[in-house]
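Q: I'd like to learn how to read a model like this one, feature by feature. Could you walk me through it?

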Amino acid sequence: MEKIAILCSGGDVSGMNPALKRFVEYAYVQGLQPYFVFDGYEGLIDNRIHEAHYHDVSGIVSRGGTKIRSARSARFKEASFRAIAAENLKKRGISKLIVLGGDGSFRGMERFHHESGIAFCGIPSTIDNDINGTDYCLGVDTALNIIKNAVDALRDTASSFRRAFVIETMGRNCGYLALVSAITSGAEMCLVPEIPIDYTEYKGCFESQIRNGRDYFIAIVSEALQNTKEVSEWFETELGFESRITLLGHVQRGGNPTVYDRLMAYKFITYAMNGLLEGRTNSVICYNKSHFNFKTIDEVALNPYRLDEELVNLGREQFAPSRCQM
Ligand code: ADP
């Protein structure tokens, strides 16, 4: 029986557990023996590789995180440890691997593939949605829904107390989470690296809104800008509005996977496994304009991700300080 393994590398996302469930079920459908590698590349080096069965994945579809855990591994960057990892797979007869991770993980896998001959397919998985070559990364929809719920809850308390809330979202250098969240939750201010705005220019606009009765503000700020505290202080000193900071932090990574992430997990795994069975040896399964397609590691890892121009234009228009809406 041919053998196939799966691992999670880098930051975990909600949607990994549904992916594991589909992986086990579809492997059996295809007549393959599925294996789990625990703790990412660390587990590959330390031989934490176990046969996976139906009962391992029963009941996990609704849980965030990943049952087989994820990890970063400094050792995997060294050829000597990658050789040990390859040996651990080969002695079990495993020649195919699915990797849920980001571009760093795929870069590591490509080296591993060239040295060992082990075939892999990457599935873009990060809430930051910052992988070049794919419109969608697993986990993003769940993260957006968690942010949406948080912002909706904060608006209730903000309006009750006449406060400004400055909400910082994750995303590393990418403003995707902040921008989509700000647009879809009706924020008054959105600060992301892709749309340079001098936030002090909002002063006149916000003052006129206050005169017209506005009694709260919601500002959504990407962690990339590192100015959350500064923005909060600006609300207090320049607008006389009591201000609170909410760092959403790691809550954005957890939680019950949305229907969309569950479905995407199932589709990503199906395509990845089919690709490996068709003989693909080192690719990433990407999602563009409602279609799945395989890309090379260079296509996803060589260039930084750029936000969709249409989304940026929407944000530019919505959050222009000159546009004063109630
Ligand atoms: P992500 O996959 O989310 O981009 P990282 O960049 O932290 O996350 O990469 C995850 C892991 O992938 C690293 O801890 C390391 O083990 C491996 N990795 C990343 N880059 C390389 C590389 N150039 N060579 C070998 N392994 C790498």
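This is a predicted model: local features need pLDDT of at least 70, side-chain atom pairs count only at pLDDT 80 or more; totals for chains, interfaces and linings use all residues.

Q: In which sense do strand 2 and strand 3 pair?

A: Two strands pair if DSSP finds at least two bridges between them. Strands (E, at least two residues) and helices (H or I, at least four) are DSSP runs, numbered from the N terminus. Here strand 2 and strand 3 (residues 49–51) pair in the antiparallel sense, over three bridges. With strand 1 (residues 3–9), strand 2 pairs in the parallel sense over four bridges, and Ala-5 has Tyr-35 as its bridge partner in strand 2.

Q: Which helix does the chain pass through from strand 1 to strand 2, and what is the hand of the crossover?

A: A crossover is right-handed if, with the strands pointing away from the viewer, the path from the first strand over the helix to the second runs clockwise. The chain goes through helix 1 (residues 16–29), and this β-α-β crossover is right-handed.

Q: How many residues of strand 2 are buried?

A: Buried means under 20% relative accessible area, exposed over 50%, and partly exposed in between (1.4 Å probe, protein chains only). Five of the five residues of strand 2 (residues 33–37) are buried, so the strand is largely enclosed by the rest of the structure. Gln-33, Tyr-35 and Val-37 point one way, while Pro-34 and Phe-36 point the other way.

Q: And what covers the buried residues of helix 1?

A: Eleven of its 14 residues are buried, so helix 1 is largely enclosed by the rest of the structure. Among the buried ones are Met-16, Leu-20, Phe-23 and Tyr-26. Going by contact (heavy atoms within 4.5 Å), the cover includes strand 1, strand 2, helix 3 (54–57), strand 5 (94–101) and helix 10 (259–277).

Q: What span should helix 5 have at 1.5 Å a residue?

A: The expected span is 1.5 Å times one less than the number of residues. For helix 5 (residues 103–116), with 14 residues, that should be 20 Å, and its end C-alpha atoms are 20 Å apart, which agrees. Just after helix 5, Gly-117 takes a positive phi of about 85°.

Q: How many residues surround the ligand?

A: A residue counts as near if one of its heavy atoms lies within 4 Å. The ligand has 14 residues around it, and the closest are Arg-72, Ser-73, Gly-102, Gly-104 and Ser-105. A backbone N or O atom of Gly-104 is 2.9 Å from a ligand oxygen atom, and a polar side-chain atom of Arg-111 is 3.4 Å from a ligand nitrogen atom.

Q: Is Arg-214 buried or exposed, and which side chain does its own contact at 2.6 Å?

A: A polar contact is a pair of N or O atoms within 3.5 Å; within protein, one must be able to donate a hydrogen and the other to accept it, and residues adjacent in sequence count only if both atoms are side-chain atoms. At 9% relative accessibility, Arg-214 counts as buried. Its side chain makes polar contacts with the side chains of Gln-209 (2.6 Å) and Glu-188 (3.5 Å).

Definitions and conventions: Residues are numbered from 1 along each chain as its sequence is written. Side-chain values use heavy atoms; hydrogens and water are left out.
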